[in-house]
Amino acid sequence: MYKIIIDANVWIKYARSKDIAPLLNRIIAYNFLPVVNNYILSEIFNALWENKWMNEKNANLVIKFIKKISLVVSEKAVYGI
């Protein structure tokens, strides 16, 4: 299984079209495991809800689905001077 990061814009595109099947088929066919963190999930949710592409409930359902098929990791803050 290969871990990959899928850009938030890709998730948003498929969520807006309400057809995640093409993306999901590729994830399964190539044995990918999407990796997400709270920043990506927040970006997806905000784009869907603030642009009124989905209501809050449906945007939350998208996030819930992404969490189900992905490995959710926590961020590690890196500070530099």
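This is a predicted model: local features need pLDDT of at least 70, side-chain atom pairs count only at pLDDT 80 or more; totals for chains, interfaces and linings use all residues.

Asn31 is found in the loop between H2 and S2; helices here are DSSP runs of H or I with at least four residues, strands are runs of E with at least two, and both are numbered from the N terminus. The phi of Asn31 is positive, about 60°, although Asn31 is not a glycine. Most residues other than glycine have a negative phi. With a relative accessibility of 37%, Asn31 counts as partly exposed; the term buried stands for under 20% relative accessible area, exposed for over 50%, and partly exposed for what lies in between, with a 1.4 Å probe and protein chains only.

Where is Lys18 placed? Lys18 sits in the loop between H1 and H2. Lys18 is likewise not a glycine, and its phi has a positive value near 60°. Because its relative accessibility is 63%, Lys18 counts as exposed.

Residues are numbered from 1 along each chain as its sequence is written, and side-chain values use heavy atoms, with hydrogens and water left out.

Let us now take the protein as a whole. The protein has 4 helices and 3 strands, and from the N terminus on its elements run β-α-α-β-α-α-β. Its C-alpha trace spans about 40 × 35 × 15 Å along the principal axes. Of the 81 residues in the protein, 30% are buried. Contact means heavy atoms within 4.5 Å. Among contacts between residues at least 6 apart in sequence, 68% join residues at least 24 apart.

The next topic is the sheet. The 3 strands form an open sheet in the order S1-S2-S3, with parallel pairing; two strands pair if DSSP finds at least two bridges between them. Strand S1 (2-4) and strand S3 (71-72) stand at the edges with a single partner strand each, so one side of each has no neighbour in the sheet. S1 is joined to strand S2 (residues 32-36) by 3 bridges, and these two strands run parallel. Within S2, Phe32 is the bridge partner of Tyr2. Between S2 and S3, which also run parallel, there are 2 bridges. Here Val35 stands opposite Leu71 in S3.

We come to the helices. Two packed helices are described by the angle between their axes and the distance between the axes. Axes are lines fitted to C-alpha atoms, for helices over the stretch in contact, and angles run from 0 to 180 degrees between N-to-C directions.

Helix H1 (residues 8-17) and helix H2 (residues 21-29) pack at an angle of about 130°, with their axes 9 Å apart. H1 and H2 are therefore oblique to each other; angles under 35 degrees count as roughly parallel, over 145 as roughly antiparallel, 65 to 115 as roughly perpendicular and the rest as oblique. Which residues make this contact? They are Val10, Trp11 and Tyr14 of H1 together with Pro22, Leu23 and Ile27 of H2. By class, this contact has 6 nonpolar, no polar and no charged residues. Ala, Val, Leu, Ile, Met, Phe, Trp, Tyr, Cys and Pro count as nonpolar, Asp, Glu, Lys and Arg as charged, and the others, Gly among them, as polar.

At 7% relative accessibility, Ile27 counts as buried. Leaving aside residues up to four places away in sequence, Ile27 touches Ile6, Trp11, Phe32 and Pro34.

Finally, the axes of helix H3 (residues 38-50) and helix H4 (residues 56-69) come within 9 Å and cross at roughly 155°. H3 and H4 are therefore roughly antiparallel to each other. Among the residues in this contact are Leu41 and Phe45 of H3 and Ala59 and Ile63 of H4. By class, the contact of H3 with H4 has 9 nonpolar, 1 polar and 2 charged residues.
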